[in-house]
Amino acid sequence: MLKGGAVWALGTMSGTSLDGVDAAMVLTDGERIFEFGASAYRPYSRAEQDVLRAALGLWPGDAGVEVAAGIVEAAHADLLVRFRGADLVGFHGQTLAHEPGGRGTHQAGSGDRLAQALGVPVVWDFRSADVRLGGQGAPLAPFYHFACARHVGADTPVAFLNLGGVGNLTWVDPRQAAPEAPGACLAFDTGPANAPLNDLMQARFGLAQDEGGQLAAKGRVAEAVIKAFLDHAYFYRMPPKSLDRDAFPDLLAAVSGLSDADAAATLTAAAAAAVARGASHFPTPVRQVLVTGGGRRNPTLMAMIEARLAAEVVPVEQVGLDGDMLEAQAFAFLAVRAARGLPTSAPSTTGVAACVGGARISRPQNAKG
Ligand SMILES: Nc1ncnc2c1ncn2[C@@H]1O[C@H](COP(=O)(O)OP(=O)(O)OP(=O)(O)O)[C@@H](O)[C@H]1O
Ligand SMILES: CC(=O)N[C@H]1[C@@H]2OC[C@@H](O2)[C@@H](O)[C@@H]1O[C@H](C)C(=O)O
């Protein structure tokens with residue numbers, strides 16, 4: 001223990017785009033950020049990705065799940081042994097299926113086995129308790145966004161936008177006492193972000209992404225497709241709300257008749273339009289939208305978002321944060337909250353009935369902590 005109860009926590013995230021595992025250290029007491037530490041990334045190999053992709057939609061007990069879980073655990077162990085000095089690990093795992101209000105939520109990978117492999121306590125299964133209490137189980141980064149807003153000295157409401165496979169927005173008011181306080185946070189998934197565009201690039205060119213948004217920049221947006229997309233019931237639901245990666249299967253089909261550039265432009269515009277729809281739910285306007293996740297490297301997407309919002313849209317690096325590692329840091333921060341019995345979500349972030357924590361903690365046989 002350091003600095004009034006702060007510990008070095010090592011958080012991980014293996015996101016919906018299945019590209020790999022991020023890990024980052026944070027010195028935190030689960031309320032404040034004292035210091036950022038080392039971070040690293042471990043990509044999944046093509047073969048690993050193929051197994052994980054084939055396991056999407058599977059639930060615990062389904063055939064193939066244990067193989068996927070083994071890949072997730074091995075990749076994490078491989079990455080995390082490179083770190084020194086972690087008191088606690090926050091292990092998100094790989095989301096294979098997410099059906100809040102239905103079958104629940106499933107992140108592959110056992111924190112029990114990881115704790116044994118690493119010899120450090122592992123906090124994991126962050127989303128299930130929230131779903132059991134009627135929450136969406138996502139997004140969970142908002143409480144960390146609140147801490148980040150305070151850490152960077154924000155004194156008026158600000159928004160964080162994560163552009164991963166799925167997009168999510170958090171509106172925070174850093175003047176509130178704590179993230180669970182009413183009026184401190186509002187968070188929700190905006191809609192598909194990079195996933196449909198990646199799928200298009202994969203299907204038409206065998207490429208992982210539209211590098212730098214170059215293809216989309218050459219295309220024309222099919223406005224009729226955007227209009228039909230925005231008519232999806234998801235956009236009429238009030239936040240909080242969350243999405244599975246493949247919740248919009250019709251979107252890709254809707255651009256199938258378009259040229260490559262027009263299809264890319266239209267899918268990029270759909271992601272931007274979903275963000276703009278999301279921003280209309282903000283309790284008060286924000287001056288800045290701070291963007292994390294890989295989509296911030298796509299200037300076409302960033303410009304399309306800014307064109308639709310009355311706010312500056314900038315990468316989080318502009319305020320000194322690390323947009324590649326913010327989610328991994330979030331699970332370090334949330335692990336400490338869980339270990340301290342503090343909530344990790346609230347009605348305003350996941351729609352859960354009451355503030356809830358409840359992640360599991362696994363301690364290794366010869367536990368240090
Ligand atoms: N240079 C780039 N040009 C265009 N797009 C990019 C670039 N770099 C990253 N991306 C996009 O960002 C995606 C990766 O984003 P990120 O790593 O934030 O996703 P994730 O964490 O897996 O997803 P989620 O947050 O939904 O779990 C890539 O799949 C790609 O679509
Ligand atoms: C179920 C699940 O894994 N959701 C992820 C996913 O990736 C982005 C978006 O969809 C968000 O809801 C969430 O992750 C972030 C880290 C979160 O919980 O805040």
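1. Confidence. Remember that you are looking at a predicted model. The protein has an average pLDDT of 95, and 98% of the residues reach at least 70. For the complex, the predictor reports an ipTM of 0.95 together with a pTM of 0.93.

2. Two domains. The chain splits into domain 1, which is made of 7-134 plus 357-362, and domain 2, which covers 153-319. Their C-alpha centres are 24 Å apart. Where they meet, domain 1 puts in six residues and domain 2 puts in nine residues. On the domain 1 side of that contact you will find one nonpolar, four polar and one charged residue.

3. Ligand 1. Which residues come closest to ligand 1? They are Gly 15, Gly 164, Asn 194, Gly 293 and Gly 294, out of 20 residues that surround the ligand. The class count for this shell is one nonpolar, 15 polar and four charged residues. Both domains take part: domain 1 and domain 2 each give at least three residues to the shell around ligand 1.

4. Ligand 2. Here the shell has 17 residues, and the nearest are Thr 95, Ala 138, Pro 139, Ala 141 and Val 166. By class, the shell around ligand 2 comes out as six nonpolar, nine polar and two charged residues.

5. A five-stranded sheet. Follow the strands across this open sheet and you get the order E9-E8-E7-E10-E11, with mixed pairing. E9 (185-192) and E11 (312-315) are the edge strands with a single partner strand each, so one side of each has no neighbour in the sheet. From one strand to the next, the twist averages 20°.

6. The E10/E11 end. How do E10 and E11 pair? Strand E10 (residues 288-292) runs parallel to E11, and the two are joined over four bridges. If you want a spot to check by eye, Leu 290 sits opposite Val 314 of E11. In general, strands of a sheet pair through backbone hydrogen bonds, in either the parallel or the antiparallel sense.

7. Two cis peptide bonds. One is the bond from Ala 138 to Pro 139, with omega near -10°. Pro 139 is in the loop between helix H4 (128-132) and helix H5 (142-151), and both Ala 138 and Pro 139 are among the residues nearest to ligand 2. The other is the bond from Pro 239 to Pro 240, where omega is near -5°. Pro 240 belongs to the loop between helix H8 (223-229) and helix H9 (249-254).

8. A positive phi. Where is Asp 125? Look in the loop that links strand E6 (122-124) to H4. Asp 125 is not a glycine, yet its phi is positive, at about 50°. For context, most residues other than glycine have a negative phi.

Notes: Residues are numbered from 1 along each chain as its sequence is written. Chains are lettered from A and ligands numbered from 1 in the order in which they are written. This is a predicted model: local features need pLDDT of at least 70, side-chain atom pairs count only at pLDDT 80 or more; totals for chains, interfaces and linings use all residues. A residue is near a molecule or strand if its C-beta atom, placed from the backbone, lies within 6 Å of it. Ala, Val, Leu, Ile, Met, Phe, Trp, Tyr, Cys and Pro count as nonpolar, Asp, Glu, Lys and Arg as charged, and the others, Gly among them, as polar. pLDDT is the predictor's confidence in each residue, from 0 to 100. Domain bounds come from an automatic or database domain assignment. Two residues are in contact if their C-beta atoms, placed from the backbone, lie within 7 Å. Two strands pair if DSSP finds at least two bridges between them. Axes are lines fitted to C-alpha atoms, for helices over the stretch in contact, and angles run from 0 to 180 degrees between N-to-C directions.
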